[in-house]
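Thanks for coming, everyone. Please bring up the model and keep the sequence beside it. I'll go through it region by region.

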Amino acid sequence: MRSLARPTRPLRPAIPTSTLTRTPRWNSTTTTTPTTPTPTPTPTHTPLHSILIANRGEIALRVARTASAQGIRTTTLYTDPDSRSQHALSSPLALNLGSTDQYLNGARIISLAQEHNCEAIHPGYGFLSENAGFAKSCEEAGVKFIGPPWRAIEAMGDKARSKEIMSKAGVPCIPGYHGGNQDPAYLAQQAEEIGYPVLLKAVKGGGGKGMRIVHHPSEFTQQLASAKSEARSSFADDIMLVEKYILTPRHIEVQVFADAHGNCLALGERDCSIQRRHQKILEESPAPNLDEAIRQDLWEKARQAALAVGYKGAGTVEFIFDNETGDFFFMEMNTRLQVEHPVTEMVTGLDLVAWQFLVAEGRPLPLTQSEVTARIAVRGHAIEARIYAEDPSRDFAPSTGTLVHLRTPPVSESVRIDAGFVQGDEVSPFYDPMIAKLMVSAPSRKQALGKMGAALEGYEVVGPVTNIEFLKRVCASPAFGRGEVETGYIAKYKEELFGRKELEEGVWVQGAIGLWEAELSGRPGGGSGVSRLGFGGEGTIPQAREFRLAEVISDPLEPAPTPKVIRLSKTGPQTYNVSVGDHGETYTVTTSYNPTTHSLRTFFPSTRLDSTLILTHPTAASSPPTTSLHLFTHGSHTTLTLLPPPWVSKTLSTTQDSSNAVVAPMPCKILRVECRVGDVVAKGQVLVVVESMKMEMSVRSPREGGRVKRVVRGVGEVCGVGGVLVEFEEVEGEMGGGGT
């Protein structure tokens, strides 16, 4: 397994002496006539020696890496669930905050910074990074806030107020209602006047939370309630704005940087249109298929936006781009470092965290806009993929658990991984489920896509379900390859991105041979237990055996896959006779298995397959009922389960009917119950709405025509993974209807 540690390189830009005394290179869109030269005062700056990182996970490690390279002492924070996390272990100065919510305890964090002689606080992203009150409290306490002024955060944090400021600054804004009247009937009236579809968005929102698209008036009340509920949970504020929803939008954002000397630069744009739940999963720079005149106009408008609020530090101005008209509109400004900032670092060759330190020290930015533009012109293309512990087949529901196996692709100057987890770590239900960010760069977008695909194929994760296979499909999608991106891309190409694919025969054979070889190697958990039921002997060369394997499908709404029968006869230490199915031809393969590296190499009559095999066992009620085998074969991840012979299940009563209950797919809190006892439900009907990791998710019926016998959990109750939510009973002589 590759270590998270990477060779350090100089991250702090060299600052020529002339840079410290130069006049501002850009601070407006106009020029002035030079007057009589006057001596330029030497700016004062105060070097940073110690900082407290008020965040967790990969961003805490990312900030610490740059700080360490510059000789800045770092103090990290952690909560009880994070006590063994990588960021908590990365610094000798780590402070335990206790309960899970304490990353948001601004007063306590400032007090700890003072107590431990930290000159500044870096908030990372999320948590307190866009909290104007926290930034103001830092200032009042004499602790530097490594971020923009609190007044700029306050102005841009209120979506309604920010749009008013942008309109006055000449930055185009999307039509909508941004007022204070929050009466649902009034908001519905505004939506009618704007024209459907509309977008509901929390005024204090961010990260896609508290957002809903409403296509028809009949949906408005329900979607408004859902958006408000999620906003209250995430931001303690449920004030909403209503905007026109553009049918084929792209999400394009501009990275800006400003200092205290009047300099404001655009460091290029990023296209972040590939999203689920209004949250980004793929980002790239430069934006594909974007006219250069529009690109420069976006940069200019972003600088105007930053200057309009007296901005300092790193910020991102986000725009909605209309694919049909070529128009763009201001959406919001994120007053912090973005998750996807490494994309910009790769296309500019800069370290944005180092620039944050420069601005916090009072130094001027070390480059001009023309110098930045020249860098971008020659550094090609970069793409970032966010690797999440989530299940795309279940509407991207978060997944939790121990990272039983983690192997990453090799890093280089053009392949970068920012991660907060290593093998053996736990992905908890308390925080964001992002495991890592994978970034690649290349001279062209086509080359970058090829490199990203290869890097994703080099990723192996066993434990929580991940989105890696889904990311591979997106990167291989023809329309994405042509740069035909939009925020509705996933829904538009749903069949292509989610469709089931038949497994090749060789994968089934690898699974069966892998199980047998693992058992023979004597590895813990390698034995399937089938031989003890009369299938095979214990001699040097075992007898013929039969394996019933099925692909593991996590979506309860999908039909159960048909098992595949693989018959093996071990004819020598490294040879097997193989047949698949009832009528499959028998052929011979040669194989070698290394139990230390979990690797299996098999020579078939017409090809060779190399696989990594990881065996896991059920640990929760929602797990497969028997041994699961994870196969990583030529860049694809397949999960198989070993089924006992039919007569074993019948004789020993090993099968369970799970169709009469719906269970929680992850630890969650019950928000709404959408069914009642006695209801006859349809397959796919929403039964319960739950919250996990600050996101709302709908739990649907996996069956048609069942009658609700019992609602096990009520609103406000907390349920662990695999906990029963709803129980059914059979409806004799009826087929399912509606009813909530």
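One definition first. Buried means under 20% relative accessible area, exposed means over 50%, and partly exposed is in between. Take Arg601: its relative accessible area is 37%, so Arg601 is partly exposed. Arg601 has a partner, Asp610, and their side chains meet in a salt bridge at 2.5 Å, N to O.

Now the overall picture. This is a predicted model. Its mean pLDDT is 87, and 86% of the residues reach 70 or more.

The protein has 740 residues, and buried ones make up 54% of them. There are 20 helices and 39 strands. Consider contacts between residues at least 6 apart in sequence: 64% of these join residues at least 24 apart.

On to charges. How many salt bridges does the structure hold? The count is 45. Start with Arg62 and Asp351, where the closest N and O atoms are 2.9 Å apart. Arg62 sits in helix 2, residues 57–69. Asp351 sits in the loop between helix 11 (341–348) and helix 12 (352–360).

The next pair is Lys280 and Glu253. Here too, the closest N and O atoms are 2.9 Å apart. Lys280 lies in strand 12 (residues 279–285) and Glu253 in strand 10 (residues 249–258), 27 residues apart. Is Lys280 buried or exposed? Its relative accessibility is 9%, under the 20% cut-off, so Lys280 counts as buried. Glu253 is buried as well, with a relative accessible area of 0%. This pair belongs to a network. Salt bridges with shared partners join Glu253, Arg270, Lys280, Glu283, Glu318, Glu340, Glu384 and Arg386.

Two charges also sit over rings. Lys136 lies over the face of Trp150, 4.6 Å from the ring centre. Arg276 lies over the face of Tyr388, 4.5 Å from the ring centre.

Look at Tyr103 and Tyr431. Their ring centres are 5.5 Å apart and their planes are at 70°, so this pair is edge-to-face. Where do the two residues lie? Tyr103 is in the loop between strand 3 (94–98) and helix 4 (106–115). Tyr431 is in the loop between strand 21 (426–427) and strand 22 (434–442).

Another pair is Phe480 and Tyr489. The ring centres are 6.3 Å apart and the planes are at 75°, so this one is edge-to-face. Phe480 and Tyr489 are both buried.

Next, a histidine. His122 lies in strand 4, residues 120–122. Its relative accessibility is 0%, so His122 counts as buried. A polar atom of the His122 side chain lies 3.0 Å from the backbone nitrogen of Gly124. Which residues does His122 touch, not counting those up to four places away in sequence? They are Ile51, Leu52, Ile53, Ala54, Val63, Ile146, Val353, Gln356 and Phe357.

Last stop, helix 7, residues 159–168. Asp158 caps its N-terminal end, with a side-chain oxygen 3.0 Å from the backbone nitrogen of Ala160. The buried residues of helix 7 are Lys159, Ala160, Ser162, Lys163, Ile165 and Met166. An α-helix has 3.6 residues a turn, so residues three or four places apart point the same way. What covers the buried residues of helix 7? The cover includes helix 6 (150–157), strand 7 (198–206), strand 9 (240–244), helix 10 (292–308) and strand 14 (328–334). Just after helix 7, Gly170 takes a positive phi of about 85°.

That's the tour. Over to you for discussion.

Methods: Residues numbered from 1 in each chain as written. Predicted model: local features only at pLDDT ≥ 70, side-chain atom pairs only at ≥ 80, totals over all residues. Heavy atoms only, no water. Phe/Tyr/Trp six-rings, centres within 6.5 Å; stacked < 30°, edge-to-face > 60°. Helix = DSSP H or I, 4+ residues; strand = E, 2+ residues; numbered from the N terminus. Buried < 20%, exposed > 50% of the residue type's maximum accessible area, 1.4 Å probe, protein only. Lys NZ or Arg CZ within 6 Å of the ring centre and 35° of its normal. Salt bridge = Lys/Arg side-chain N within 4 Å of Asp/Glu carboxyl O. Polar contact = N/O pair within 3.5 Å; in protein donor to acceptor, adjacent residues only side chain to side chain. Contact = heavy atoms within 4.5 Å. pLDDT = per-residue confidence, 0-100.
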